[in-house]
Amino acid sequence: MALSRLRATDEVLLQSMDALRDAEADYASAAEAQALPVLVHDGDSIGFVNRRFAEWLGYESARDLVGKPLAALAAEDDQRALLAALGARQRGPAALPHIQ
């Protein structure tokens, strides 16, 4: 009985993972088709950029940016403020600082 429940749970998990991969592929296709630069971050690092974003910054490939620290895109003088804003964003809207 427990083994059959475990198999059923595994099957649901595999189906969910397939659905997530499909959704991510759909999102990436939609973002890649945009004429505007698109960047997606996961807090402090770059998770996805479209080709247009890479070109906008002078990179040959979007792969050159994925995984890099988000702060690397900011001027050195602005990196501290950017990191503070990202940290505040994770704590909620009320904690967001005003950046000029």
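Here is a short tour of a protein chain, from its overall build down to one asparagine.

This is a predicted model, where local features need pLDDT of at least 70, side-chain atom pairs count only at pLDDT 80 or more, and totals for chains, interfaces and linings use all residues. Numbering starts from 1 along each chain as its sequence is written, and side-chain values use heavy atoms, with hydrogens and water left out.

Let's start with the fold. The protein chain has three helices and two strands, in the order α-β-β-α-α along the sequence. Helices (H or I, at least four residues) and strands (E, at least two) are DSSP runs, numbered from the N terminus.

Some whole-chain values:

| Property of the protein chain | Value |
|---|---|
| Radius of gyration, over C-alpha atoms | 19 Å |

For comparison, a compact globule of 100 residues would come out near 13 Å in radius of gyration, by the rule of 2.2 Å times the number of residues to the power 0.38. Of the 100 residues, 19% count as buried, that is, under 20% relative accessible area with a 1.4 Å probe, protein chains only.

Now for asparagine 50. You'll find asparagine 50 in the loop between β2 (46-49) and α2 (51-56). Is asparagine 50 buried or exposed (over 50% relative accessible area)? Asparagine 50 counts as buried because its relative accessibility is 0%. Leaving aside residues up to four places away in sequence, asparagine 50 touches Ala31, Glu32, Gln34, Leu36, Pro37, Val38 and Ala62, a contact being heavy atoms within 4.5 Å.
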